[in-house]
Every structure is written in C-alpha cells, then in structure tokens.
Amino acid sequence: MVIERRWKKWVFFYVPLTLFLVGMLFPFYWMFITAVRPDAELYRSWRNLHNTPFWTLHPTLDHLKDLLARTMFPRWLWNTFFIATVSTGISLFCGLLAGYALARLKFPMAGTLGTAIFVTYLVPPTLLFIPLANIIRDFQLGDTPWALILTYPTFLIPFCTWLLMGYFKTIPKELEECARVDGATRLGAMAWIIFPIAVPGILSAGIFAFTLSWNEFIYALVFISSPERKTVPVGVVSELIRGDIYFWGQLMTGALLGSVPVALVYSFFVEYYVAGLTGSVKG
Amino acid sequence: MAQVVLKDLNKKYDEVHAVKDVNLNVLDKEFIVLVGPSGCGKSTTLRMIAGLEEISAGEIHIGNRVVNDLPPKDRDIAMVFQNYALYPHMTVYDNMAFGLKMRKFPKAEIQKRVQDAAEILGIQELLKRKPRQLSGGQRQRVAVGRAIVRHPQVFLFDEPLSNLDAKLRVQMRVELKRLHDRLETTAIYVTHDQVEAMTLGDRVVVMKDGWIQQVGEPLELYGRPRNRFVAGFIGSPAMNFMDTTISDGGSALWIECQGLRLKVPADRSARLAGKKGQPVVLGIRPEDLHPATGADPADLICEAVIDVVEPLGSEILLDVKVGNNVIVTRVDPSVRVKQHDKIRLAFNPERIHFFDTKTEESLL
C-alpha cells in the first residue's frame with residue numbers, strides 16, 4: 001500500500017511539478033546563458049561540431065558592458081522605475097478610497113458602479129490606445145513620462161479597486177464600528193484601524209500594479225518616441241533590434257536586468273502578497 | 001450616568017420594517033436587557049442607540065441630549081461586540097487606550113485608567129500581548145476593558161457572551177453583573193438567550209418582529225407574561241400550551257380538551273366568563289404540574305402517559321401525552337417512573353395561564 005502511494009505521489013505530484021518548474025524557469029536560464037555567451041558562440045551554426053546550446057565554457061560580461069555603455073539602458077531603467085512608481089502611487093490612492101467605498105458605504109448604484117469599474121478593466125489596451133492617443137495629443141503629453149503615468153491608471157485603478165474591495169470585505173466591520181464608538185471619525189477609523197490591517201492587501205495591490213506598469217508595452221511603444229524617454233521593454237526591443245539584426249547578447253542582458261527588480265520585489269513581499277490574495281483577518 | 005429614552009423609534013430598510021414604534025425608558029444606572037429571537041429588531045435598536053444605524057423615525061435621548069444626529073463618537077457610549085472586535089494590529093494595552101487617545105487624554109491619565117481597568121478584569125499580565133495570542137475568555141475581558149476605561153454614560157452590549165463556551169459564559173455572566181454593580185453605569189444588553197436576560201437584567205424587554213412585547217422585571221415576565229409569545233419565550237423548558245374550550249358547568253366554568261377536563265379556579269372565572277363555549281389556549285409551566293397526591297382536588301387532575309423520561313440529576317423532565325397534546329413536566333428525581341407508565345398529574349391552580357386563541361393576549 002505504502003509503495004503504491006509513493007508511486008502515485010511521484011506521478012501526480014513530483015513529475016508534473018518538475019515539468020512545470022522546468023517550463024517556467026527555462027526561459028530565464030536561456031536569457032541568462034545568452035547574456036553571458038560570447039558572440040562567437042552566439043552566431044555559430046547549430047550544426048557546428050562544438051555547438052553547446054545549453055551551456056557555455058567562456059562566459060563573458062561584454063554584453064553587459066556594451067548595454068550599459070553604448071545604449072541608454074540605465075536611462076530606460078530609471079524611466080521605467082519612475083513611471084511605474086508614480087502610476088502605482090496614483091492607482092493605489094484611488095483604489096484604496098474607491099475599494100473602501102464600494103466595500104463599506106451604502107449608496108445608490110454601488111453594485112452597478114463596482115461592476116462598471118470592473119468592466120473598464122476588461123477593455124483591451126490594444127483597442128483603448130487609439131482613443132487615448134487622441135487625448136494624449138490634445139493635452140500635448142505625447143513623448144513625455146506623463147503620457148504613461150496618466151494612462152497606466154486606466155487599467156491599474158480598476159485592478160487595485162477590485163483587489164482592495166475584496167480585501168476590505170474580509171475585515172469585520174465591527175472593528176471599524178468599534179473605533180467609531182471609541183471616538184474616531186469614519187476617516188479616523190479608516191486611517192487608524194482599517195488601513196493598518198489591510199497592509200497585506202495594499203502591498204499585493206501595489207506589487208501587482210508596479211509589475212503591470214513595469215512590463216507594460218503597447219502604451220509605452222505608442223506614446224513615447226524619443227530613445228531617451230523609453231521604458232525598458234520598449235527600449236530593449238526597439239533599439240537592440242535594428243531591421244533584421246538582433247543583438248541577442250544585449251537583448252537578453254536587458255531583459256534579464258529588466259526582470260530582476262520585479263523578481264526582487266516579489267520575493268521580498270511574498271508572504272504579505274499571499275495573505276493579501278487569500279484574505280486572512282481575524283477580529 | 002444617564003438615562004436613555006427611546007421615543008416612537010422606527011427603523012425601515014428598503015423592504016423590511018425592522019423596528020416598530022419602540023418606546024422605552026431606561027433608568028439611570030439600570031441594567032436593561034433586550035431579548036428576542038433573531039430578527040426581532042433588538043440588535044438594530046442597540047445599533048441605533050450607538051449611532052451605527054440611522055434612525056428612520058423617532059427620537060433617542062441619552063442623558064439630556066437628543067442624539068439622533070450625533071455621530072457615534074459624540075454620544076458618550078461604549079460598546080462591546082459579539083466578535084469582540086479587538087484591533088488585531090494593536091496590543092491589549094493599545095486596544096484599551098485607543099478610545100482615550102482619540103479623545104486626547106494625557107498619557108499619565110490613559111495609563112492609570114488602563115491599569116485600573118486591567119486590574120478590575122484581572123488582565124494585567126496580558127497588556128503587552130496581541131489579541132491573537134489570547135483565548136476567547138481573555139479577548140472578552142479585553143473588549144469589556146476597552147469599554148470601561150472610557151467611563152462612558154452608557155454601556156451597550158451586543159450579544160457579548162455568545163462566542164464563549166457554555167461554562168465560560170456562565171462565569172462571565174456573573175462577572176458582568178458584579179461589574180455593573182461596581183461601576184453603576186447604565187447598561188443596555190442584547191441577547192437571544194433568555195437565561196442571560198433573566199439573570200442579568202434589572203428589567204427585561206422582550207421583542208418580536210420589531211415590536212416590544214413586554215417590559216418588566218425578570219420574575220414579572222415569568223409569572224405574568226402578557227401574551228403567549230412572552231410566555232413561551234421566557235422559561236426553559238418552555239411553557240406548555242393546549243388548545244381547550246371553556247364550557248359552562250353550572251356552578252363553575254370548565255376547561256376541556258381531549259383527555260383533559262379541569263375546573264377553572266374561582267378567581268379566574270370572572271375574566272373567562274365571556275369566553276363560554278369558545279376556544280382558549282391554556283398555558284402551564286412544567287414545574288406547575290406535579291404527580292397527583294390524595295391532597296389534590298380531583299377536578300384539577302388529568303391522566304397522562306409518559307412518552308420520554310429525561311433525568312437531569314436535580315430533576316426529571318417527563319414528556320407526557322395528555323389526549324393529543326404532548327406536554328413537559330418537571331418532577332422530583334425521587335419519582336420512579338418509566339416510559340409508557342400512566343401518571344396522574346395535578347395542576348397548580350394559581351399558575352394556570354389563559355391566552356386568547358386569536359390575539360394570543362393573556363386573558364388574566
């Protein structure tokens with residue numbers, strides 16, 4: 001019996017888990033190995049006798065040096081960071097207030113409004129960028145960071161609102177009522193009681209929003225044209241692919257460096273973030 | 001210290017009329033208990049007093065002020081919630097100090113008051129802990145402590161003991177009563193448990209469907225319930241009810257139903273005279289029936305068959321069949337009986353209740 005169970009655990013747990021992990025992590029490995037592979041190996045034929053596609057014996061930092069010195073990569077990194085931070089800040093602020101209102105206050109059409117906010121999240125950016133481009137032009141924001149800082153909230157706010165609304169609903173409303181009886185105003189109860197308890201939810205909304213804006217591609221591609229104002233995803237693709245020439249080494253180094261901050265943010269806050277998504281508050 | 005007056009208080013939600021024309025005068029220093037089944041409007045009434053629900057119509061006075069439009073924080077009340085509602089991110093000390101901090105008390109005063117309250121409740125050792133490190137009973141104490149540090153005019157309790165296990169509940173019940181005697185603050189307490197209501201309340205308010213059914217001291221409610229609902233709600237096991245008819249036996253009135261024929265006690269006859277030939281509901285509490293002895297008059301005795309025997313130690317509950325009715329009687333543990341035995345039960349004539357079949361009002 002025990003043997004059979006172990007056999008089952010392998011087939012239904014370890015093997016699928018391993019396959020999944022390999023599938024998830026292989027692109028990162030490929031990114032890394034390409035980033036440190038010398039050009040001579042990169043552009044060698046697959047049929048070459050000494051071809052070793054899955055490892056390299058001559059790792060090099062040439063691509064990294066090249067990327068930092070000869071492209072505007074540091075500048076793109078800063079742009080991305082600045083834009084993602086500010087738009088996440090705006091979206092969190094709006095999402096906090098809207099999520100709280102939808103979760104707690106009684107007002108006419110509250111349910112409809114909640115659904116409406118959610119529906120706006122479903123509008124694909126590939127459609128929305130056309131009217132948005134018009135607006136950006138009318139306000140003369142084209143080719144400035146504000147074009148992105150003000151358009152990212154169109155998908156970040158609905159997202160934050162819904163995530164936080166769900167989280168607020170898991171917080172017993174007696175906590176807040178008790179605070180109001182104890183001497184706090186509604187805003188006071190929000191600031192002193194609800195928000196501190198909602199930290200996991202707020203953090204996970206923030207991390208998600210930050211990642212979404214960090215990785216955003218289409219708005220950044222459409223609204224920004226000067227190389228020095230680009231974000232990492234757009235900069236890497238548009239400046240390191242020239243016609244049909246791919247600078248694979250620099251491309252992969254850029255992609256790797258671009259994903260490091262996101263990975264760091266996730267790994268630091270992973271516990272909060274899980275608690276934020278599953279909602280776990282007890283009174 | 002204050003009295004609380006509710007005048008024609010109403011609460012209407014979109015489709016539900018939760019509280020209907022409630023009039024109540026809670027005296028200064030009184031411990032009053034609102035009791036009733038779930039959905040009777042007792043919690044809504046309490047929440048309106050606290051300012052957590054808007055008032056649809058009517059007035060609430062606390063002390064000399066009409067508080068209808070005051071926010072909860074300005075009503076000078078403290079409330080204890082069913083789920084304790086302790087702030088999970090604060091220590092016990094901070095939980096208790098929160099209300100005082102919000103009111104900008106000086107630090108020394110806060111510390112003194114929290115220490116005093118902690119001492120009264122025996123939770124001095126817990127002050128540095130977080131709520132999740134406390135047991136249910138400890139959390140309950142902290143919640144009470146948070147209310148008493150404020151020295152409010154009125155305490156509001158919303159089913160504060162229902163999350164505790166049975167043993168702890170009895171213990172906390174006694175402590176709350178002692179605490180009230182010590183603090184002498186007006187208290188309004190909501191519960192669905194009639195035992196809590198009877199043991200804690202100076203007066204008890206029985207509610208049903210948003211209406212107040214009766215207000216009175218515990219023993220008054222028990223002895224002279226105004227209607228069938230109160231009679232059935234207060235007391236455990238509940239009062240027995242039987243559908244009977246009043247018939248005229250010449251010199252006296254008789255109560256009749258299948259398997260039962262009793263003479264109406266002389267002092268009750270006058271009130272029932274108008275009901276001759278009509279149905280009435282007879283009510284009798286389990287302890288007001290006893291196995292008949294030679295001393296009991298024959299016209300107050302009925303024959304019954306024992307259906308179930310429930311020995312409780314200090315007493316035995318017998319579920320017995322009288323005609324079609326199953327009624328419960330409470331007898332001394334020395335009575336030796338078993339299932340399907342026949343037993344003769346005598347009614348205590350002073351404790352028989354009569355209720356109108358339609359209005360369910362007491363006919364006494």
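How many residues of chain A are in contact with how many residues of chain B? In this predicted model, local features need pLDDT of at least 70 and side-chain atom pairs count only at pLDDT 80 or more, while totals for chains, interfaces and linings use all residues. Residues are numbered from 1 along each chain as its sequence is written, and chains are lettered from A and ligands numbered from 1 in the order in which they are written.

**View 1. The contact between chain A and chain B.** On chain A, 18 residues are in contact with 20 residues of chain B; contact requires C-beta atoms, placed from the backbone, to lie within 7 Å. H9 and H10 of chain A each supply at least two residues of the side that touches chain B, and H9(A) gives the most, with seven residues. Helices (H or I, at least four residues) and strands (E, at least two) are DSSP runs, numbered from the N terminus. By class, this side of chain A has nine nonpolar, four polar and five charged residues. Nonpolar covers Ala, Val, Leu, Ile, Met, Phe, Trp, Tyr, Cys and Pro; charged covers Asp, Glu, Lys and Arg; the others, Gly among them, are polar.

**View 2. Helix H9 of chain A.** Eight of the 10 residues of H9(A), residues 173-182, are buried, so the helix is largely enclosed by the rest of the structure. A residue is buried if 20 or more other C-beta atoms, placed from the backbone, lie within 10 Å of its own, exposed if 12 or fewer, and partly exposed in between. Among the buried residues are Leu175(A), Cys178(A) and Val181(A), as well as the charged Glu176(A), Glu177(A), Arg180(A) and Asp182(A). The buried residues pack against H10 (186-197) of chain A and, in chain B, against helix H1 (42-50), strand E6 (77-80) and helix H2 (92-102).

**View 3. Helices H2 and H3 of chain B.** H2(B) packs with H3(B), residues 107-121, at an angle of about 130°, the axes being 10 Å apart. Axes are lines fitted to C-alpha atoms, for helices over the stretch in contact, and angles run from 0 to 180 degrees between N-to-C directions. H2(B) is therefore oblique to H3(B); under 35 degrees counts as roughly parallel, over 145 as roughly antiparallel, 65 to 115 as roughly perpendicular and the rest as oblique. Tyr93(B), Met96(B), Ala97(B), Leu100(B) and Lys101(B) of H2(B) meet Ile110(B), Arg113(B), Val114(B) and Ala117(B) of H3(B). The residues of this contact are seven nonpolar, no polar and two charged.

**View 4. The four-stranded open sheet of chain B.** The strand order is E2-E1-E4-E5, with antiparallel pairing; strands pair if DSSP finds at least two bridges between them. E2 (17-26) and E5 (65-66) of chain B stand at the edges with a single partner strand each, so one side of each has no neighbour in the sheet. E1(B), residues 4-12, and E4(B), residues 57-62, pair over five bridges, and the bridge partner of Val5(B) in E4(B) is His61(B). H1(B) lies across E1, E2 and E4 of chain B, at about 115° to E1(B).

**View 5. Leu46(B) and its surroundings.** Leu46(B) is in helix H1 of chain B. The residue is buried, with 20 other C-beta atoms within 10 Å. Not counting residues up to four places away in sequence, Leu46(B) touches Leu34(B), Leu156(B), Asp158(B), Ile188(B) and Val190(B).

Terms used. Contact = placed C-beta atoms within 7 Å.
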